[in-house]
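Please keep the viewer open as you read.

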Amino acid sequence: MARGVKICRPARHARWVRGAGFTLLELLVVIAIIGLLAAYVGPRYFAQLGKSEVTTARAQIDAFTKALDTYRLDTGRFPATEQGLNALITAPAGVSKWNGPYLGKAVPLDPWGRAYVYRAPGAAGKDYEVLSYGKDGVPGGSGEDADLTN
């Protein structure tokens, strides 16, 4: 044999080529594992998403409550139902001693894309009531569909 000449061994090369990829069975096992993980994690993820929307709505209602209390301290009364939460952003006509805006930005929609409801006087003898009808957008319900109020 001459120096520097390499001999190709076909049997060894063929084994290497066959072992280079994945078999169909291995791919199916990996896909099944990914499917099981998705089935386990998916519902937990979406449950957390619903909880975060409720938490966001509660935080926004709390911010409105604080702003409304400051509004009352300045003006001597809460905004009328007709004036709504917009009275926290722009001075209503005929209201003296308004020292706002009482919110940093415009009044946001609830996490489900609907406007918050403001009533003065509120239910059960409250001075006012700020509420969101929850995910379903209708009064009543439970879980994520429950009404959220101050």
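## Ground rules and layout

This is a predicted model, in which local features need pLDDT of at least 70 and side-chain atom pairs count only at pLDDT 80 or more, while totals for chains, interfaces and linings use all residues. Residues are numbered from 1 along each chain as its sequence is written, and side-chain values use heavy atoms, with hydrogens and water left out.

The protein contains two helices and three strands, and from the N terminus on they follow the order α-α-β-β-β. Both kinds of element are DSSP runs numbered from the N terminus: helices are H or I with at least four residues, strands are E with at least two. Of the 150 residues in the protein, 23% are buried. Buried stands for under 20% relative accessible area, exposed for over 50%, and partly exposed for what lies in between (1.4 Å probe, protein chains only).

The protein exposes about 10,600 Å², and carbon and sulfur atoms supply 62% of that area. Accessible areas come from the Shrake-Rupley method with a 1.4 Å probe; for residues, only the protein chains shown count as cover. A contact means heavy atoms within 4.5 Å. Among contacts between residues at least 6 apart in sequence, 38% join residues at least 24 apart.

The three strands make an open sheet with the order 1-2-3 and antiparallel pairing. Its edge strands are strand 1 and strand 3, each of which pairs on one side only. Two strands count as paired if DSSP finds at least two bridges between them. Strand 1 (residues 117-119) pairs with strand 2 over three bridges, with arginine 119 opposite glutamate 129. Strand 2 pairs with strand 3 (residues 148-149) over two bridges, and here leucine 131 stands opposite threonine 149.

Strand 2 (residues 129-132) is covered on both faces: Glu129 and Leu131 on one side are buried, as are Val130 and Ser132 on the other. Serine 132 has a relative accessibility of 1%. Its side chain is joined to that of aspartate 110 by a polar contact of 2.7 Å. Such a contact is a pair of N or O atoms within 3.5 Å; within protein, one must be able to donate a hydrogen and the other to accept it, and residues adjacent in sequence count only if both atoms are side-chain atoms. Leaving out residues up to four places away in sequence, serine 132 touches Ile61, Asp110, Trp112, Tyr116, Ala146, Asp147 and Leu148.

## Aromatic pairs

The structure holds five aromatic pairs. Rings of Phe, Tyr and Trp (its six-membered ring) pair if their centres lie within 6.5 Å; planes under 30 degrees apart are stacked, over 60 edge-to-face and the rest tilted. Two of the pairs are set out here.

| Pair | Centre to centre | Angle between planes | Kind |
|---|---|---|---|
| Phenylalanine 64 and tyrosine 116 | 5.1 Å | 80° | edge-to-face |
| Tyrosine 71 and tyrosine 102 | 5.6 Å | 70° | edge-to-face |

Phenylalanine 64 in helix 2 (residues 24-75) and tyrosine 116 in the loop between helix 2 and strand 1 are 52 residues apart. Phenylalanine 64 is buried at 2% relative accessible area, and tyrosine 116 is buried at 9%.

Tyrosine 71 in helix 2 and tyrosine 102, again in the loop between helix 2 and strand 1, are 31 residues apart. Tyrosine 71 is buried at 0%, and tyrosine 102 is buried at 14%. Tyr71 and Tyr102 also belong to one aromatic cluster with Trp98.

## The core

In soluble globular proteins, nonpolar side chains tend to be buried together. A nonpolar core is a set of buried Ala, Val, Leu, Ile, Met, Phe, Trp, Tyr and Cys residues joined through side-chain atoms within 4.5 Å. Which members of the largest nonpolar core touch the most other members? Among its 21 residues, they are Leu68, Tyr71, Leu85, Leu88, Tyr116, Tyr118 and Val130. Helix 2 gives the most to this core, with seven residues.

Leucine 88 is in contact with Phe64, Ala67, Leu68, Tyr71, Trp98, Pro101, Tyr102 and Leu103, leaving aside neighbours within four places in sequence.

## Backbone details

Most residues other than glycine have a negative phi, and most peptide bonds are trans. Lysine 97 has a positive phi of about 65°; this residue is in the loop between helix 2 and strand 1 and is exposed, at 66% relative accessible area. A cis peptide bond, with omega about 0°, joins alanine 120 and proline 121. Proline 121 lies in the loop between strand 1 and strand 2.
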